[in-house]
Amino acid sequence: MKTHVDGCIGKIEEEVQCAKLKIENVESEVQRKIEESNCEVQEKIGNLERRISELEERPNYFPASPEFISSRPTVKPLTFDGQTSWTVFKTQFDVVSSTNGWTDFVKASQLVASLRGSAAEVLQGIPADKLTELTTVEKALESRFGDSHLTQFYRTELKTRRQKPGESLQELAADVERLMSLAYAECPLDVRESLAAQYFVDAIRDEDTQHSTRLMDAKDLKSSLAYSMKYEATRTVSKTSRHVRSMGTEDHTSRERDDKFEFFFNGLEKLLNSSVSGRKNTPRRNPNVTCWKCNKKGHVQRECQAITSNQEN
């Protein structure tokens, strides 16, 4: 019995070892295929870059292939590494490709050659014969780096957006326009413009400006921004005019006070001058003069106080 059990255990161990060996072989084969795929992708990217470089350096008189006739770039191609916004890069890439007059084939080649880092790894999931198809490459990048899943987040941010202290109306409008392009990218242009105007008015901080702009009922963001800026400028000018008029009234009142003070000061100065002048014109009394009435020195009989006291009594 024991021998039978030991035999079974031995067979099981042998089967386990065989299974491990097969797994290792499969892992090695998978790893080898992955490395081969990486090498093939890198080789294709290198070939594309080399062909693009040759096209850039080719003299104008050298006959080019028909599919590359209009591919000589006039704007430097961009690069995308997956760390920045795919939407922003896609917009810039479209502008560059339109300026350079690229065909879809050249656009696909330039897009593949512009990928770096994690963005270039997306190419591993694209068949080699599809790397020059613009739609296929763009869809793969969109599914990996696109922000379409953030649409609801941007819409919520739009609804709760409010003008910050110190933020100008122009800055607020620019941010509302940015959020609109992210939250309602699929909506028709007229619908986006109408929604942007509403969100902009709701976000204005000053209640008077917000109420006045809302009553204007603008149909697009630019009209709402223009009206709100005019209203804000008018209020600023009005406040300045009232302040200037107030300062003018205060200046007039202050001038009247100064005139009255100057009048009384001049009167007092004249009074003091006349008093001083009277003292100067009065002859100085001889201290040795003697009064005939009281026989005291220092005054004469008409100034004697004794006579005045007797007359009062």
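View 1. At 37% relative accessibility, R32 counts as partly exposed, a class that runs between buried (under 20% relative accessible area) and exposed (over 50%), using a 1.4 Å probe and protein chains only. E36 is partly exposed too, with a relative accessible area of 38%. Their side chains meet in a salt bridge of 2.4 Å, N to O; here a salt bridge means a side-chain nitrogen of Lys or Arg within 4 Å of a carboxyl oxygen of Asp or Glu. Because E36 and R32 are 4 residues apart in helix α1 (residues 2-57), about one helical turn separates them. Helices are DSSP runs of H or I with at least four residues, strands are runs of E with at least two, and both are numbered from the N terminus.

A quick note for all views: this is a predicted model, in which local features need pLDDT of at least 70 and side-chain atom pairs count only at pLDDT 80 or more, while totals for chains, interfaces and linings use all residues. Residues are numbered from 1 along each chain as its sequence is written, and side-chain values use heavy atoms, with hydrogens and water left out.

**View 2. D175 and its arginine partners.** Look for D175 in helix α7 (residues 169-183); its 17% relative accessibility is why D175 counts as buried. The side chains of D175 and R161 form a salt bridge, 2.6 Å from N to O. This pair links distant parts of the chain, since R161 sits in the loop between α6 (151-160) and α7, 14 residues from D175. R161 is buried, as is D175. The D175 side chain also makes a polar contact of 3.0 Å with the side chain of R178. A polar contact is a pair of N or O atoms within 3.5 Å; within protein, one must be able to donate a hydrogen and the other to accept it, and residues adjacent in sequence count only if both atoms are side-chain atoms.

**View 3. D208 and R235, joining two helices.** In this salt bridge, the closest N and O atoms of D208 and R235 are 3.8 Å apart. D208 belongs to helix α9 (residues 207-216) and R235 to helix α10 (residues 221-281), so the bridge ties together parts that are 27 residues apart in sequence. D208 is partly exposed at a relative accessible area of 44%, and R235 is partly exposed at 23% relative accessibility. Back in the D175 region, salt bridges with shared partners join R161, E167, D175 and R178 into one network. The structure holds 12 salt bridges.
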